[in-house]
Amino acid sequence: MIWVNAIVQGLLLGGLYALFACGLSLMFGVMRIVNLAHGDMAVLAAFLVYSIIITTPIGVLGATLIVLPLFAVFGYLVQTGILSPALRTGPLSTLLATFGLSIVIQNALQQGYSADTRALDVGSLVSASLHITGQLSVAYLSLITFGLAIVVLVALQLFLSRTGTGRIMRATADDPEAATLSGANPRHVYGIATAIAFATVALAGLMFAMQSSFSPSIGPTRLIFAFEAVVIGGLGSLWGTLVGGMVLGLAQTIGAQVDPAFTLLAGHLIFLAVLAFRPQGLIAARRTA
Amino acid sequence: MNLLVVDQLTVRHGQLTAVNAVSLDVADGTTLAVIGANGAGKTTLLRAIAGTIMPAGGTVTYDGQNVTRVPAHRLAANGIRLVPEGRRLFPSLTVEENLLAGAYRRRTGPWNVNSVIELFPWIGQRRRQSARSLSGGEQQAVAIGRALMGNPRLLLLDEISLGLSPVAVQGLYAALPDIRAAGTTVLLVEQDVSQALRVADRVLCLLEGRPVLTGSPAELTPEAIETAYFGLTRRAS
């Protein structure tokens, strides 16, 4: 039963990783931008919500509803103001720009909040759980996170395949100049992609923050999980990201079951194995252009 | 009324002047064919009109407005649609999605997925297929359909016959009367002179970036076209 428990917990944890990684996957898929500040965005969102709930009477849910649209706007501005101009000079510039952004955010947070570790207080929800059998119970928070991840991924998939904006986003990813001939302004399309990416990473950051503590410098450590989920699943494929997140989550919880010291190592080993034996990822993206 | 007026347009690629002081006008509802040998500046001229490349001098006036420096996506939304050289379909999208992408910023008008399928009936059975799986001629048809989805007033066709079999080329040109019947003004660039003469109301021949001959197909003699096309100057005998 402990193994069943490890598998269930691993799958649920995978949902969080997938939610966290889908923005990274989207930005890479649409613009070929590797956002090194992705993890720091998650941490920044957590601190913002933390500040709102301790300085105002607004609760976690209300603060989340404020911070998500704020991050979408922030993403649009970062893309049109910093990343799109950097894109014109090549992929290395965007890498440097996001690396710089990562350092700025970490230092600003350290300046504003000190290096102390914080946690988001969600009251009794943090320990409440659903008892399935005597030995198997799952935390409501994990279930909620997993549910949110599925909702976000399905919504994103529907957006990309069914809406005009989603379609032109995929078209722009294929061939930006040909997309302008259909009336698309790549700057605007890229802005929307980054807005979505930032909003999802903010949501993931908040779910992280409700389940474990966070500090200003933890972003890069988190970022590696997103990278691993994306690479295990296959670059540029959203379902791949979900599968990748779950494989990573499973590896970590099963590794922890063997020996708690193996938790992170097991995830990294799976990641390395995928890179070595199936570099296109478990679910190869349909896009090859 | 002239839908498009190009005045003294000059476009440079670095040191090379690809289009040199070209002036032309296209009356609403008519078809102008720009012919010329490889490297005559035909594609560059179309790209400058469509806004994907900025000219060094001269003006482009569309529907009475100076649009010389208006970016391509705004022009596309306002009814100038370019079918680019090399087709440039979106390979990860299906055939139907390629058409729908063309409708992203569209004017109102007669063209939609169904009317494009009426124009090229084979698309009906293959709409769910990946655009990558199509033959060159089929891709060209979808590229034209994608441009039509925006309900253009001015359709710019860049060498739609390039690299295609004569049968495929015929199939594409057979669609042109239906496109013009919808009131669309067409500016096409073509290396295949006989094909261009068959469909155009007027012809402009470019040589090394300069206009060297213009007229209606009826009034141009084959000799005059040949001379202009190849830049031959006949010695008086």
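Predicted model: local features only at pLDDT ≥ 70, side-chain atom pairs only at ≥ 80, totals over all residues.

Author: Setting aside neighbours within four places in sequence, A:Ala193 is in contact with A:Leu26, A:Met27, A:Val30, A:Met31 and A:Met169. A:Ala193 also belongs to the largest nonpolar core, which has 162 residues. Together with A:Ala45, A:Ala46, A:Ala202 and B:Leu156, A:Ala193 touches the most other members of that core. The largest share of the core, 18 residues, is supplied by helix 8 of chain A, residues 186–211.

From here we can turn to where the two chains meet. On that boundary, 18 residues of chain A are in contact with 22 residues of chain B. On the chain A side, helix 6 (164–174) and helix 7 (176–180) are the elements that give two or more residues. Helix 6 of chain A gives the most, with six residues. By class, the chain A side divides into six nonpolar, five polar and seven charged residues.

Chain B has a helix pair that deserves a look too. The axes of helix 6 (residues 136–148) and helix 7 (residues 166–174) of chain B come within 10 Å and cross at roughly 15°. An angle under 35 degrees counts as roughly parallel, and therefore helix 6 and helix 7 of chain B are roughly parallel to each other. The crossing is right-handed. Helix 6 of chain B makes this contact through B:Gly137, B:Gln140, B:Ala141 and B:Ile144, while helix 7 of chain B uses B:Ala168, B:Gly171 and B:Leu172. Sorted by class, that contact has four nonpolar, three polar and no charged residues.

Methods:
Residues numbered from 1 in each chain as written. Chains lettered and ligands numbered in written order. Axes fitted to C-alpha atoms, helices over the stretch in contact; angles between N-to-C directions. Helix = DSSP H or I, 4+ residues; strand = E, 2+ residues; numbered from the N terminus. Parallel < 35°, antiparallel > 145°, perpendicular 65-115°, else oblique. Left-handed = near helix turned anticlockwise from the far one by under 90°. Contact = placed C-beta atoms within 7 Å. Nonpolar A, V, L, I, M, F, W, Y, C, P; charged D, E, K, R; others polar. Core = buried A, V, L, I, M, F, W, Y, C linked by C-beta atoms within 7 Å. Buried ≥ 20, exposed ≤ 12 C-beta atoms within 10 Å, placed from the backbone.
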